[in-house]
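Take a look at the fold below. Then read on and trace each part in the viewer.

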Amino acid sequence: MPQRHPMPTTASRSRRQTLRALAVLSIWALGAPAVLADTWPSKPVRWVVAYPAGGGSDFLARQLAPQLGKQLGQTLVIDNRPGAAGQIGTDNAAKSAPDGYTLLSGDNGVMVFNGALFRKLPYAVSDFVPVGFMARFPLVLSVNPQSGISSAAQWLDLVKKNPGKFSYASPGVGSPHHLAMELIKERTGSFIVHVPYRGTAFATQDMLAGVVPMGVLDTAAALPHFRSGKLKPLAVLSAKRVATLPDVPTFAELGIKDVELSAWQGLFVPKGTPEPIVQRLGSELQKALAVPEVKARLEDFGLEVAPSDGAALARHIQRETEFWHALIKARHITAE
């Protein structure tokens with residue numbers, strides 16, 4: 001007699017269906033990132049800037065967005081979310097879907113300094129994947145000409161002989177400008193009183209008015225005032241002289257070593273964003289930064305265009321974190 005096979009039970013049919021579904025899902029998952037990268041972006045991309053409109057971070061994003069959007073074939077929409085030393089916007093980006101439709105302008109404030117300045121942050125640096133470095137904002141020790149200070153050498157002599165007599169303005173506690181001056185003070189053994197403001201515009205305004213005689217400013221904010229003669233640059237906090245200020249010496253030239261800091265900007269995406277999207281975005285970012293018209297506008301604003309890939313940006317963040325967290329702790333600086 002022919003052998004009879006038992007009819008499959010409902011349970012066995014269910015198991016086979018589940019296994020087939022899992023097999024299909026596994027095959028899809030293996031190819032999904034590539035497929036997603038091929039179709040991305042299929043809708044506008046949001047670019048979070050954790051600072052107010054009109055500032056340097058906003059300017060950089062708005063200059064790059066049209067060119068990058070043109071290359072990607074989609075609109076890049078700038079979303080300004082300022083507040084709490086960049087924490088509000090950065091946290092918003094960190095909690096966004098990792099699908100390639102949220103970008104973040106991250107700087108050394110939110111990616112380096114905040115971790116040492118605040119006891120607790122709503123986001124972690126590890127919540128993001130670095131896409132690439134964009135640009136630096138060179139920092140310059142600056143004075144009001146009415147202060148009577150005409151050179152860095154004279155400035156250094158005055159502040160060292162008169163501890164506590166002079167004050168300096170900064171855009172706020174924990175800003176690159178504030179920490180730059182703290183680094184200068186540490187390297188020169190000087191004591192200058194810190195006067196923090198709520199943003200670069202307010203600090204610059206009081207320097208122009210002579211309310212506070214000096215401060216560290218970024219070139220984006222200060223170049224127009226240097227060119228008009230309303231403020232005077234004394235020294236740059238860079239390894240070499242700045243192209244827009246070729247006659248202004250570095251601190252190293254003045255015999256003061258290891259005084260280097262810039263306010264930088266990098267592009268980030270939420271952790272979990274598919275790697276093919278990260279790679280394409282990084283490649284397109286470097287192309288956009290190399291477009292002559294874009295590069296010229298950024299440099300005229302006072303920026304140093306410095307494209308790099310995500311791995312180089314990650315290494316830079318690690319180096320800066322080690323150095324600045326140690327200095328912030330040693331000088332007992334806190335934003336709380």
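Predicted model: local features only at pLDDT ≥ 70, side-chain atom pairs only at ≥ 80, totals over all residues.

The chain holds eleven helices and ten strands. It has 336 residues, and 48% of them count as buried. Now consider contacts between residues at least 6 apart in sequence: 79% of these join residues at least 24 apart. The chain exposes about 16,300 Å². Carbon and sulfur atoms supply 57% of that area.

Next, find helix 5, residues 152-161. Which of its residues are buried? They are Ala-152, Trp-155 and Val-159. Seen down the helix axis, these buried residues fall within an arc of 55°, so they line one face of helix 5. They pack against strand 4, helix 6, strand 7 (214-218) and strand 8 (232-236). The face turned away from the buried side carries Ala-153 and Lys-161, which are exposed.

Now move to helix 11, residues 310-330. How far apart are its end C-alpha atoms? They are 30 Å apart. That agrees with expectation, because 21 residues at 1.5 Å a residue should span 30 Å.

Just after the helix, His-332 takes a positive phi of about 55°.

Along helix 11, the buried residues include Gly-310, His-316, Glu-320 and Trp-324. What covers the buried residues of this helix? The cover includes helix 4 (108-117), strand 4 (128-143), helix 6 (176-188) and strand 9 (262-270).

How values were computed. Residues numbered from 1 in each chain as written. Heavy atoms only, no water. Helix = DSSP H or I, 4+ residues; strand = E, 2+ residues; numbered from the N terminus. Expected span 1.5 Å × (residues − 1). Buried < 20%, exposed > 50% of the residue type's maximum accessible area, 1.4 Å probe, protein only. Contact = heavy atoms within 4.5 Å. Arc of directions from axis to C-beta. Areas by Shrake-Rupley, 256 points an atom, 1.4 Å probe, with all protein chains shown as cover.
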